[in-house]
Amino acid sequence: MSISPRILIGEGNTRERNEKLLAAGARTGSGCYQQAIKYLFPSARVDILMAADLDTQMPDGKVLDDYDGFVLGGSGLNLPGGEHDPHVRQQVELAKTVFEAGVPFLGSCWGLQIAAAATGGQVSVNPRGRELGIARKISLTPEGRGSGFFDGKVGVFDSPAIHFDEVTHLPSGSTILAENGHTSVQAASIKHQRGTFWGIQYHPEFDLAHIADLVRSYTELLIGEGFYKDNDAALKHAGQMDVLHQNPDRQDLAWLLGVDRDVLDPRIRFREIENWIVHQVLPRMAYRT
Amino acid sequence: MGIHPRILVIDGYLKSSRDELAAGGATGAGDQYVKMLTQACPDAKCDVIFPCDPGASLPTGAALSDYDGVAWTGCSLTVFEDTPEVNTQIGFARACFESGVPGFGSCWAAQIAVVAAGGICRPNPNGREMGIARKIALTPEGRGHPMYEGKASVFDAFISHVDEITHVPSGSVVLSGNNFTAVQSVSVVYKRGVFWGLQYHPEYDLREMARLTWCRIDVLTKLGFFQDRQAGEDYVAQLETLHEDHSREDLAWLLGVDNDILNEDVRRAEVRNWIDRLVIPTMIRNGRV
C-alpha cells in the first residue's frame, strides 16, 4: 500500500538566492527536503511554497488546511537585524497561520528560529560563531530521549549544520530536546494554539554534497570567518565531501573528515523527518480521510 | 607545604616497541605519563619501571605500599595472549589490587585491570579505533563518578586500540562508552584496591598522536585509514601544525576537534580527579601528608 501524505514545503530563501544556487548546480533548501521526503515516502505528494518571495501564492490555489504537514527549512536570511525585512516578516506571519490551523509543523534551522519567533521566543546571534559542516556531539535531553521525534536515534549523534543564529528563549509550552557544546537548543518542540511544532537547529535534509555546494557558494565569507586558510583549502575540503558523498564506502575519507553513519546513512540521518511524518503527519492524514 | 605523592608508573611496552616509537620521534609512554602526572600535581615524585624488560624488578607487596598511586601506560601487547610479558603484568595488577594502592591507566592498562579482577577482553568487532574517539558519553554512573567531576557528559578523546573490554568483573562500574567501543572507561573495585581505567589516552597530545600515527602509517594504510602513504603524511603534518599553533581554528575545524582535545585541563580532568580523590586520601591515610 502506498502512503501518500500531502506535505507543503516552505522555501525560506528568496528567488535571487535560489537562482544563484541553481545556476551553480546546487539544490535549493526546499529541493533537499523534497528529496528526503520522497526517499522516505516515495508516494508523498509534495508542493513547494516560495515563502520568502513577496509575490508568492499557494500552489494551485490550495489552502493550508489541504495539507497533512508543513515544513520550513533553511534560509540565508537572519532574524536578528531582520525583524523589519518584509521577506522575514512574511515567514513569521506564515508560521503563526500554521500554528492557528493546527497543521503539523516541522522546521530545521531557520524553520526552528521562525517558529520560535512566531510564538514569542527569541533568536540571537550565536556568541560561538557559525556552526558549519557537521554539528558534533548533539546530545538528547531526557525529554528528547523520550520524544517520538528521536525514535531509533542514539543518545548522542552528529548531523549536517550551517547556522549563525540560535534560539535563546522558547515560549512556554516548549521543550528542549537536544543540545551540544556549540548550541544549547539543537532541537525543541513547541505547542502553541492548535499546533505542534517539532524543530531542529541542524539540517538532516542536507547531505555532504549540499554542504560542499554551500562551501563553494560562500567561500569568501567562510575564509573571512576563519574556517579556511584560503580558496584552495575550501575547494579541497568541498571536493573531499563530494567524493565521500559519491562513495560512502571511502572509509579513509570518512575518518579524515570525522563523520560516520550518523551523517552518511540517510536512513539514520533522515530519522527525525521520518518520525515527524509517522507520528504527526500520518495521524492527521488518517483523520482527514 | 607542598603535596608530594609518590607514584609508580608502569610502562608496559616491550623494549623493541619502545625503540621503534622512539625512532619515529614519539615520547616514551612512561615519560608521557610522568609529564601528565607532574602537570596535574607538580610535586609528584614518579618512578618509572618497565615490567617487560628482562630482569625488571617489580616492587614487592611491602614496597608497593610505599607508593600513593600506581599509573599504567598503554602498550601494544594483547591482553588475552598467554605470554610471559602479559602474565607478569596481570600478576602485578593483582598485587596492586591486594596492596590497596589506587590505580589509574589508559587503554592496555584498563584491560589489564579488568582481566586481573576476573573480566574479559576480546578483539573489537568494529576493528581499530584510531585518532579521535568521538562522542564518548558518560553513563549515569559515570556522570556521578568522582573521576568525571568537571567533565562534560559527552566528549572526544585520543585513542588507538583494537581490543576492547567485553565483560567487566562484578564490583566494576562502566563509566562511559561510544558507538565504537561500549566500555570507554571503567572503575574496577577488587580486593583492597580501586583502579580507574580509560580505553582512551588523556596523556597524548596532538604531537604524540601525530608521531604514533607516523610510526603506523603503512599499517594504517593497509587497514584503510589512508588511501596512500602521502595521505598519511599529510594528516600527520596537519596534526603537528595544529599542535604548534592552537590558533589555527581552520585546522581544528577540518580535523573535527575542539577543546576536548586541544585544552589540556579539559582533556586531563580524569587525572586531576584521580590525584585529588584517590591519591591524596591514600597519602593522608598512610600519614604521608
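Chain B contains 13 helices and 11 strands, where helices (H or I, at least four residues) and strands (E, at least two) are DSSP runs numbered from the N terminus. The radius of gyration of chain B, taken over C-alpha atoms, is 18 Å, close to the 19 Å that the globule rule gives for 289 residues, so chain B is as compact as a globular protein of that length. The globule rule is 2.2 Å times the number of residues to the power 0.38. The structure is a predicted model, in which local features need pLDDT of at least 70 and side-chain atom pairs count only at pLDDT 80 or more, while totals for chains, interfaces and linings use all residues. Residues are numbered from 1 along each chain as its sequence is written, and chains are lettered from A and ligands numbered from 1 in the order in which they are written.

The C-alpha trace of chain B spans about 55 × 40 × 35 Å along its principal axes. Of its 289 residues, 51% count as buried; a residue is buried if 20 or more other C-beta atoms lie within 10 Å of its own, exposed if 12 or fewer, and partly exposed in between, with C-beta atoms placed from the backbone. Two residues are in contact if their C-beta atoms, placed from the backbone, lie within 7 Å. Among the contacts in chain B with a separation of 6 or more, 73% join residues 24 or more positions apart.

**Domains**

Both chains are divided into domains, whose bounds come from an automatic or database domain assignment.

| Chain | Domain 1 | Domain 2 |
|---|---|---|
| Chain A | 6-205 + 270-288 | 209-257 |
| Chain B | 6-203 + 268-285 | 206-255 |

In chain B, the C-alpha centres of the two domains lie 25 Å apart. Their contact takes 12 residues from domain 1 and nine residues from domain 2. On the domain 1 side, helix 1 (15-23), strand 6 (129-138) and strand 7 (154-161) of chain B each supply at least two residues. By class, that side has four nonpolar, six polar and two charged residues. Here Ala, Val, Leu, Ile, Met, Phe, Trp, Tyr, Cys and Pro count as nonpolar, Asp, Glu, Lys and Arg as charged, and the others, Gly among them, as polar.

In chain A, 24 Å separate the C-alpha centres of domain 1 and domain 2. The contact between them takes 11 residues from domain 1 and eight residues from domain 2.

**A residue and a helix pair**

B:Leu262 is found in helix 11 (residues 259-262) of chain B. B:Leu262 counts as partly exposed because it has 17 C-beta neighbours inside 10 Å. Not counting residues up to four places away in sequence, B:Leu262 touches B:His246, B:Ala252 and B:Val257.

In chain A, the axes of helix 3 (residues 86-101) and helix 4 (residues 110-118) come within 9 Å and cross at roughly 75 degrees. The two helices are therefore roughly perpendicular to each other. Axes are lines fitted to C-alpha atoms, for helices over the stretch in contact, and angles run from 0 to 180 degrees between N-to-C directions; angles under 35 degrees count as roughly parallel, over 145 as roughly antiparallel, 65 to 115 as roughly perpendicular and the rest as oblique.

**Contact between the chains**

In the contact between the chains, 20 residues of chain A meet 21 residues of chain B. Helix 9 (251-257) of chain A is one of the elements that supply at least two residues of the chain A side. Helix 9 of chain A gives the most to that side, with five residues.
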